[in-house]
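Please keep the sequence and the three-dimensional view at hand while reading.

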Amino acid sequence: MSSKIPYKIYLKEEEIPTQWYNVRADMKVKPAPLLNPGTGQPLKQEELEPIFCKDLVKQELDNDTKWWDIPKEILDFYKMYRPSPLVRAYFLEKALGTPAKIYYKFEGNNTSGSHKLNSAIAQAYYAKKQGLKGITTETGAGQWGTALSMASAYFGLDCQVYMVKCSYEQKPFRREVMRTYGAKVTPSPSNTTEVGRKILSEHPDTTGSLGCAISEAVEAALKQPGYRYVLGSVLNQVLLHQTIIGLEAKAALDKYDITPDIIIGCAGGGSNLGGLISPFMGEMLRGEKQYKIIAVEPASCPSFTRGVFAYDFCDTGMICPLAKMYTLGSQFIPSANHAGGLRFHGMSTILSQLYHDGYFEARAVEQTKVFEAATQFARVEGTLPAPESSHAIRVAIDEALKCKETGEEKTILFGLTGTGYFDLYAYESYNNGTMCDQIPSDETIAGYTSLIPKIGK
């Protein structure tokens, strides 16, 4: 092990970033605005405020303010678990026999087990500041719901979580952590909302999707005075909060004059990928540096690699605003066999625009290969990775092996979004040899994308 670069690089507490970075300010082509599904016109702040907190709406719509001050209350909370370590994967490098240097930004060093807490505490803070009684949300694998339940408990807010049904059934312990922090957790789709009952009547055996759960959470917020809806990914405001990941990672790398050649992040809705790459992407947008950035998504839900770039609903119930994004269609529901939280049919509008403009590439990987990489990583690096993060691990290993073939000493950075200790049902399936890859056919995807509304074209 090198004596120059430590195994873990930590920033000092006083070096935690005090501002979030808004990559939209440096984008030449801004993300397309959210549209009112009734009028087809861009949504105004007053139209979004019944759904989201006022301050969060400002962050959502602002394409020009480059730096946003992080409130002291949020910074104080961040200090419980931040700065998070940047780790040199010496043991993985040795196991692969690669000349590549591999680093990962580890976001699992908190009770929620993931990076989701970075935005959960921010959204809970703005809800409390507004004087709200509670917040509603959805969760897929359960990481976001867990993080939001923690943040809500910290600020004394009621928290209602609609959890994708198959995850609710497969991950009882994740559910119980949410309940321990005071959240009410409901499997989605449910009979507690109009949209849930409609979805169940049409698809009685559905295993649920994030699109379903979003519809229910939004309806629940709109029908309860003093409540607002919050989201754990996709939205501009969420990617803004998550930039603390990339800002810390870049500061840690800069301490040792390290410049990554390749940056890799898993992609479901975009919060982890966007948070990790934003400061590096900013340098690319300003013409200062060039990086190879790779978004990695599941082959069972391939919105970047097989979706279309169009305006679509963010939810299955089609009650939310329309966003221009790479999408498989709001009615698309990934196979229940898919193990992990990367289940959203669409992608962040920021990332969608950047991908459309050619600033990074995307790859879709099968889950058996993902868990093969996860197992290899766990055995040599000592951390059991979340299935979501393991998509990035898969491609990081692939890129490191390419370096082995060519002899190139490239530097690779990837995001380890969290731990997989609540995902043992999936690991059991892999270890038992019962895990399989279910990849939607071209005909299936075409059937769903044909239902995308003809609006905002």
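The points below go from the overall fold to single residues.

This is a predicted model, in which local features need pLDDT of at least 70 and side-chain atom pairs count only at pLDDT 80 or more, while totals for chains, interfaces and linings use all residues. Residues are numbered from 1 along each chain as its sequence is written, and side-chain values use heavy atoms, with hydrogens and water left out.

**Overall fold**

- The protein contains 18 helices and 15 strands; these are DSSP runs numbered from the N terminus, with helices being H or I of at least four residues and strands being E of at least two.
- The protein is as compact as a globular protein of its length, because its radius of gyration of 20 Å is close to the 23 Å that the globule rule gives for 457 residues. The radius is taken over C-alpha atoms, and the rule is 2.2 Å times the number of residues to the power 0.38.
- Along the principal axes, the C-alpha atoms fill a box of roughly 60 × 50 × 45 Å.
- Among contacts with a separation of 6 or more, 77% are between residues 24 or more positions apart; a contact means heavy atoms within 4.5 Å.

**Surface and charge**

- Of the 457 residues, 64% are buried. Buried means under 20% relative accessible area, exposed means over 50%, and partly exposed lies in between, with a 1.4 Å probe and protein chains only.
- The accessible surface is about 16600 Å², and carbon and sulfur atoms hold 50% of it. Areas come from the Shrake-Rupley method with a 1.4 Å probe, and for residues only the protein chains shown count as cover.
- The protein has 48 positive and 50 negative charges, whose mean positions are 2 Å apart. Lys and Arg count as positive and Asp and Glu as negative, whereas His and the chain ends are not counted; each charge is placed at NZ of Lys, CZ of Arg, CG of Asp or CD of Glu.

**Backbone features**

- Most residues other than glycine have a negative phi, and most peptide bonds are trans.
- Arg82 and Pro83 are joined by a cis peptide bond with omega about 0 degrees, and Pro83 is in the loop between α3 (72-78) and β4 (86-88).
- Another cis peptide bond, with omega about 5 degrees, joins Ser188 and Pro189. Pro189 is in the loop between β8 (184-188) and α9 (194-202).
- Val234 has a positive phi near 70 degrees and is placed in the loop between β9 (227-229) and α11 (236-255). Val234 is buried, at 8% relative accessible area.
- Asp257 also has a positive phi, of about 55 degrees, and is in the loop between α11 and β10 (262-266). Asp257 is exposed, at 73% relative accessibility.

**Cysteines**

- The whole structure has zero disulfides, a disulfide being a pair of cysteine sulfur atoms within 2.5 Å.
- The closest cysteine sulfur to that of Cys53 is in Cys159, 12 Å away and therefore too far for a bond. Cys53 is buried, with a relative accessible area of 1%.
- Cys266 is in no disulfide either, as the nearest cysteine sulfur, in Cys301, is 13 Å away; Cys266 is buried at 4% relative accessibility.

- Glu248 is part of helix α11 and is buried, with 0% relative accessibility.
- Leaving aside residues up to four places away in sequence, Glu248 touches Leu11, Ile16, Pro17, Arg82, Pro83, Ser84 and Lys105. This list includes Arg82 and Pro83, the pair joined by the cis bond with omega about 0 degrees.
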